[in-house]
Amino acid sequence: MKLNIIKDKQQADPYIFKYKNSYYIFVTGDEGVEYYSSINKLDWDYKGICFKLDGFKNYWAPCLIEIDNTFYMYLSCVKNDETDDNMQSIIVASSKSV
């Protein structure tokens with residue numbers, strides 16, 4: 001699935017997350033996980049890359065959960081020198097903020 005909420009930018013594999021009074025969309029990105037925020041689900045602001053890991057590329061299908069005030073992002077990505085996209089690594093990143 002792809003969204004097209006900002007012209008000339010596609011949002012593949014969107015994961016929508018609500019936290020307090022804001023909504024966030026985390027999407028697949030070549031250079032890192034990109035994200036957007038909104039307070040009304042109609043007007044979205046592109047925020048940039050929220051997660052990337054040195055030595056990796058092609059960040060796919062991120063999802064986010066919150067447990068006890070810690071946020072966990074699950075995603076897959078590939079090492080930079082890997083030519084086979086099937087050789088993905090599953091990554092779990094954590095943060096104290098969205």
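**View 1. C77, a buried cysteine.** With 0% relative accessibility, C77 counts as buried (under 20% relative accessible area; exposed is over 50% and partly exposed lies in between, using a 1.4 Å probe and protein chains only). This is a predicted model, so local features need pLDDT of at least 70 and side-chain atom pairs count only at pLDDT 80 or more, while totals for chains, interfaces and linings use all residues. Residues are numbered from 1 along each chain as its sequence is written, and side-chain values use heavy atoms, with hydrogens and water left out.

View 2. C50 is partly exposed, at 34% relative accessibility. C77 is in no disulfide either: its nearest cysteine sulfur, that of C50, is 13 Å off. Searching the whole structure turns up zero disulfides (pairs of cysteine sulfur atoms within 2.5 Å).

View 3. Four strands line up in the order 3-4-5-6, with antiparallel pairing. Strands here are DSSP runs of E, at least two residues long, numbered from the N terminus, and two of them pair if DSSP finds at least two bridges between them. Strand 3 (15-19) and strand 6 (45-51) are at the edges with a single partner strand each, so one side of each has no neighbour in the sheet.

**View 4. Strands 4 and 5 up close.** Strand 4 (residues 22-27) runs antiparallel to strand 5 (residues 33-38), and five bridges join the pair. Y24 stands opposite S37 in strand 5.
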